Amino acid sequence: MLEAMLRDHNDARREVGTPDLVLDDDLIQQAQAYAEELAASGRFEHSPANSRQGQGENLWAGTANRFTFEQMAGAWIDEKQYYVHGAFPYVSSTGRWQDVGHYTQIIWRNTAKLGCGLATGNGRDVLVCRYAPQGNVVGQYAY
């Protein structure tokens with residue numbers, strides 16, 4: 001799973017000319033722990049910002065054992081169809097940065113490290129990816 005996530009993230013980054021991400025053990029452990037927490041509780045919400053200072057976070061959930069890792073990452077990367085190159089948060093053709101926020105985190109130039117975790121519970125798979133340094137910084141461009 002980690003290699004598939006890293007590959008798909010870096011493919012998207014290469015399309016816009018941002019440097020490859022590297023896997024980070026601490027981010028992997030934190031993402032896995034949070035994925036397990038969400039899967040067990042049935043909740044689906046971002047972790048509190050103060051619990052992941054300096055880190056961005058993407059979340060995905062779907063029916064258990066129905067999606068490939070490529071489909072999971074692809075759901076985020078497909079947001080590029082709405083991406084407009086502007087200073088954050090003015091980055092979406094829809095007028096809502098939330099419609100491209102997963103994608104912009106993936107391609108954010110200053111982000112260097114990635115860690116993902118996957119857990120199953122309550123009939124669904126939950127994917128959490130953490131990024132450091134975080135992207136989606138107000139007033140900055142993704143690349």
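Student: How many salt bridges does a search of the whole structure find?
Tutor: Let's settle the term: a salt bridge is a side-chain nitrogen of Lys or Arg within 4 Å of a carboxyl oxygen of Asp or Glu. Keep in mind that this is a predicted model, where local features need pLDDT of at least 70, side-chain atom pairs count only at pLDDT 80 or more, and totals for chains, interfaces and linings use all residues. Side-chain values use heavy atoms, leaving out hydrogens and water, and residues are numbered from 1 along each chain as its sequence is written. Searching the whole structure gives 10 salt bridges.

Student: Which residue forms a salt bridge with R7, and how far apart are the closest N and O atoms?
Tutor: The partner is E70, and the closest N and O atoms lie 2.8 Å apart. This pair links distant parts of the chain, 63 residues apart, with R7 in helix 1 and E70 in helix 3. Helices here are DSSP runs of H or I with at least four residues, strands are runs of E with at least two, and both are numbered from the N terminus. So, partner and distance: E70, at 2.8 Å.

Student: Is R7 buried, exposed or partly exposed?
Tutor: Buried means under 20% relative accessible area, exposed means over 50%, and partly exposed is in between (1.4 Å probe, protein chains only). R7 has 39% relative accessibility, so R7 counts as partly exposed.

Student: What distance, N to O, goes with the salt bridge of R14 and D20?
Tutor: R14 is partly exposed at 48% relative accessibility, and D20 is partly exposed too, at 37%. Their side chains meet in a salt bridge, and the N to O distance is 2.7 Å.

Student: And which residue meets R96 in a salt bridge?
Tutor: R96 is partly exposed, with a relative accessible area of 45%. Its partner's side chain meets R96 at 3.5 Å, N to O, and that partner is D99.

Student: What does helix 1 reach from its first C-alpha to its last?
Tutor: Helix 1 covers residues 2-16, which is 15 residues.

Definitions and conventions: The expected span of a helix is 1.5 Å times one less than its number of residues.
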